[in-house]
Amino acid sequence: MSGKHYKNSPQKYYKIISFATFVGLLYACSTTKKVPDGEYLLTQNNFEFEDKKQFFDEELKDYVQQKPNKKQLLFLPLSLLFYNAANPKYDTLLSEYMTYPSEMRNQKLRDSLFIKYNMQSSVGKSLFMDRLYHNWGTPPVILDQTRTEKSAEQIQNRMTYRGFWDAEVKYSHKLDSAAKKASVNYSIKHNAPTHIKEYYYNIPDPGIKGVFRQRLHESLVRKGQILDQTVLEKEISRINELMRDHGYYRFNAANDEVGFVADSLKSTKEVPLVLEIHKDSLDRPYKRATFGNIDVAIVNRPSDFPKRTVKDSLRRIRFHKINDQYKTPSMWRAIIVDSESQYDQKKLDLTKRNLLAMNNFSILKARDSLRQGGVNAPNDSIVDVLYVLKPLDKYELKVGTDLNYSQLLNFGISPSVDLTTRNVFGGAENLTTSVAGTFGSIRNPKNLDKRILAYEYSAQASLSFPRLLLPFSYYKLIPKRYSPTTSIVLGASVQNNIGLGRTNFNTGLNYFANVNDQSSHRLTLFNTLFSLTKNKDSYYDFFVNDNIIRQTVFDDYFIYNPQVQQQFNSGALTRDQVSEQILSDEGYVNTLDKKRAEDLLSFLGTLVNKDRQTQDVLISSMIYNFIYNEIGKKDYPNAFYFNGKVELAGNIPSIFNQSRNDGGGVLRSPERTIFGIPYAQFVKFDFDVRKYFQFNGNQTLALRQFIGLGIPYGNSSTMPFVRSYFNGGANDIRAWIAFGGLGPGGSQIDEKVRTYLMGNIKLTTNIEYRIPFTEMYEGAIFTDIGNVWNTENNGFDDQFKFNRFIREMGIGSGLGLRLNIAYITLRVDLAYKIYDPNKADGERWRFNKIQPLKPTLNIAFGYPF
């Protein structure tokens with residue numbers, strides 16, 4: 001520690017300690033400020049388990065009737081502090097004031113309340129801060145010992161419900177009269193649970209019995225299980241859904257047709273269980289229902305149907321329209337239910353989802369009901385369906401601005417304007433045109449102490465169709481229930497980051513199909529990208545470190561071959577031509593000592609970077625993407641996620657065969673081109689697998705494995721820059737910033753050269769344990785492992801090899817904090833390098849190099865995975 005630092009430290013740390021002490025005293029004094037004498041502020045509910053804990057124990061906290069004031073700032077009950085900050089003499093007045101509607105809360109009302117409570121001296125006062133504190137705050141939770149007893153009863157009832165009939169719950173209070181605080185201790189003993197001795201079913205109706213037995217293997221109830229009534233409830237829900245999917249309309253709608261009977265006369269530990277399914281004591285037979293009339297009305301007002309509509313029909317579906325704004329076939333495709341087919345609740349749900357997904361209508365009415373009247377009235381086996389739809393506005397304009405942060409761009413702003421034009425051709429097609437930009441600053445490579453403007457602006461048009469655009473009928477191959485759609489995309493963007501910048505043009509034809517709520521397919525045909533680099537000749541002006549390495553090698557080679565120096569100085573040879581000659585001059589290479597050979601190896605790395613950074617490329621590919629996603633689904637607490645993507649590029653352009661022998665880069669010439677632009681050929685596989693485990697009610701262990709492989713061939717010796725893999729960043733290996741020098745492989749060349757080197761193989765493993773502190777705050781502990789490699793050695797030991805890749809995996813760990821505000825999650829992660837494979841042997845483990853106050857800082861929105 002320097003003398004200057006030592007001199008200033010006591011004063012600096014004294015201020016910190018004083019502030020912390022002040023906050024602590026404020027907290028200690030103010031929390032009980034409005035607790036009446038003889039009463040106690042409830043500060044904590046403690047749970048003690050006398051025997052082995054059970055998986056459901058965390059939910060027992062929800063059955064406590066009194067809970068302490070919530071803590072918003074990790075350990076401070078902020079809302080309680082706000083409440084206590086209001087003047088105590090106004091509490092009763094303000095409580096009554098807040099009961100009035102907002103439009104009545106004014107000075108006149110306050111003055112009347114001042115007179116009511118004999119506070120004439122306060123007439124005319126605004127009490128703005130007191131009202132604000134009172135409105136934001138919550139009163140202290142005062143211990144009510146009678147509610148503690150009721151809480152213990154509710155906990156015991158819940159444990160009985162869970163199958164522990166002999167559970168014992170005791171409670172005690174810890175009272176601190178001096179501090180006016182109290183805590184409650186609940187002591188819980190589970191004892192032995194009650195098990196299902198035998199499991200039977202009594203189903204008189206043969207149809208219901210047949211469906212049940214077909215899916216008996218899916219039953220959630222088994223002999224030998226604990227008699228947990230939550231499991232019985234889930235089994236009833238499963239049976240209800242099963243029967244409704246097999247034509248039994250509104251099966252068990254009143255929740256009185258399915259139940260369980262347990263015989264506990266002989267024993268309370270081993271109990272026979274019987275499933276009962278019947279309508280009532282008469283055991284009336286069930287009828288399978290069929291769909292009858294399917295009516296779809298498109299109106300401006302509910303009163304327009306049926307008087308002002310004209311009837312049309314297509315394949316047993318009746319349409320009622322006030323005009324021909326929407327073509328009948330386009331509406332028919334969205335209707336999954338079919339007249340005269342067996343009733344199926346899922347078809348109703350899918351139809352409603354499809355109508356909303358068209359983004360053309362709001363649903364005024366969605367009704368399904370048993371047909372009334374007719375010859376055999378009432379008809380209890382025909383279900384008529386009616387949808388009344390109102391078209392949305394033809395045009396919808398959205399203007400928005402996003403704030404974002406990245407380790408490259410720092411804080412940036414992203415304004416956007418989107419215009420949606422609905423029903424372009426009368427078939428519910430939507431045209432979305434957007435103009436967007438991103439503006440921020442990046443570190444100036446010429447002067448790392450300064451930042452320069454970076455920006456990207458783009459324009460894109462997307463035309464979506466609620467069907468597949470194919471020259472043949474596809475409904476036998478892809479049913480309507482998959483909700484297939486098509487989109488055509490055309491866009492352009494201009495980037496300016498480190499001075500080179502890019503101009504991109506993209507187009508594509510995309511097909512989508514949703515198998516169910518978890519699985520979806522996407523097939524992209526003719527996905528085409530033109531990526532053109534601007535200011536190529538300025539590469540070395542912006543990659544200053546690369547230029548230093550280039551100049552070192554050039555100077556050394558000019559000593560070996562002065563004639564090349566003369567040609568270079570006279571302009572007869574370009575920098576690229578000199579670079580190519582240096583690499584191909586075996587005589588020069590043979591003269592190099594160890595130091596100069598390392599310089600040449602670093603130079604080779606800069607040339608790989610230069611070729612990729614300045615590359616003009618055309619990528620024309622076909623992409624297939626399959627996603628299986630259980631995240632956010634209520635029936636999947638331990639969710640699984642899989643995203644697999646395969647991209648095949650360059651086969652169609654390979655029909656053309658125009659040779660080019662120069663200008664393609666030092667390491668890439670010659671290449672075949674289309675319109676003078678070299679096209680890429682490669683096949684690429686990406687697999688993203690995630691698994692989430694819930695612990696203790698709300699804690700989550702999240703695991704992620706990413707595997708990526710790109711194989712260039714034909715016209716490409718390396719993967720294009722925009723399709724290559726890199727390490728680092730807020731959603732990857734967080735101990736390294738994006739392009740932060742990790743990899744490729746275990747290469748030992750200068751980190752300044754490795755900064756922008758990428759690979760065509762990527763392995764990343766992420767492990768994160770998430771611990772909520774409050775509803776607003778959540779903590780995390782994480783470890784990230786991974787690296788990138790190449791399929792071939794580019795000259796600096798970056799090739800993937802099975803016998804060593806584990807030793808070349810970078811490891812980073814750290815801590816994180818998440819702040820949940822409304823629907824936005826702000827994430828801050830502090831990460832440290834644990835193992836750096838690009839350091840020399842003996843220096844790769846970094847435990848002794850960790851500086852706790854100098855982590856790699858990651859700020860982002862949303863979870864990393």
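Leaving aside neighbours within four places in sequence, Asn787 is in contact with Asn727, Ile733, Leu742, Gly743, Pro744, Gly745, Ile761, Lys762, Leu763, Glu808, Met809 and Pro837, where contact means heavy atoms within 4.5 Å. Hello everyone, that is my way into this protein.

A quick word on the source. This is a predicted model, where local features need pLDDT of at least 70 and side-chain atom pairs count only at pLDDT 80 or more, while totals for chains, interfaces and linings use all residues. Residues are numbered from 1 along each chain as its sequence is written, and side-chain values use heavy atoms, with hydrogens and water left out.

Back to Asn787, then. Its place is in strand 27, residues 777-789; helices (H or I, at least four residues) and strands (E, at least two) are DSSP runs, numbered from the N terminus. Is Asn787 buried or exposed? Asn787 has a relative accessible area of 0%, so it counts as buried. For that word, buried means under 20% relative accessible area, exposed over 50%, and partly exposed in between, with a 1.4 Å probe and protein chains only. A polar atom of the Asn787 side chain lies 3.0 Å from the backbone oxygen of Gly745.

Pro744 sits in the loop between strand 25 (699-712) and helix 17 (751-754). There is another cis bond to show you: Phe305 and Pro306 are joined by one, with omega about 5 degrees. Pro306 is in the loop between strand 7 (290-298) and strand 8 (310-314). Why point these out? Because most residues other than glycine have a negative phi, and most peptide bonds are trans.

Lys180 is not a glycine, yet has a positive phi of about 60 degrees. You will find Lys180 in the loop between strand 2 (168-176) and strand 3 (181-189), and with a relative accessible area of 18% it is buried. Arg315, also not a glycine, has a positive phi of about 50 degrees. Arg315 is in the loop between strand 8 and strand 9 (317-321), and it is exposed, at 56% relative accessible area.

Now please turn to Asp829, in strand 29, residues 824-835. Its relative accessibility is 0%, so Asp829 is buried. What joins the side chains of Asp829 and Arg818? A polar contact of 2.6 Å does; the term stands for a pair of N or O atoms within 3.5 Å, where within protein one must be able to donate a hydrogen and the other to accept it, and residues adjacent in sequence count only if both atoms are side-chain atoms. Beyond four places in sequence, Asp829 also touches residues including Arg734, Phe782, Thr856 and Asn858.

Arg244 belongs to helix 8, residues 229-245. At 25% relative accessible area, Arg244 is partly exposed. Arg244 and Asp344 are 100 residues apart in sequence, but their C-alpha atoms are 6.1 Å apart in space. Among the residues that Arg244 touches, not counting those up to four places away, are Arg250, Phe251, Tyr343 and Gln345.

Let me move on to helix pairs. Helix 14 (residues 575-584) and helix 16 (residues 594-613) have axes that come within 12 Å and cross at roughly 135 degrees. That angle makes helix 14 oblique to helix 16, because angles under 35 degrees count as roughly parallel, over 145 as roughly antiparallel, 65 to 115 as roughly perpendicular and the rest as oblique. Axes here are lines fitted to C-alpha atoms, for helices over the stretch in contact, and angles run from 0 to 180 degrees between N-to-C directions. In this pair, Asp576, Ser579, Ile582 and Leu583 of helix 14 meet Leu600, Phe603, Leu604, Leu607 and Lys610 of helix 16.

The other pair is helix 2 (residues 78-85) with helix 5 (residues 128-136), packed at about 150 degrees with axes 7 Å apart. Ser79, Phe82, Tyr83 and Ala85 of helix 2 make the contact with Asp130, Tyr133, His134 and Trp136 of helix 5.

To finish, the whole chain. How many helices and strands does the protein chain have? There are 17 helices and 30 strands. Buried residues make up 44% of the 865 residues. Of the contacts with a separation of 6 or more, 65% are between residues 24 or more positions apart.
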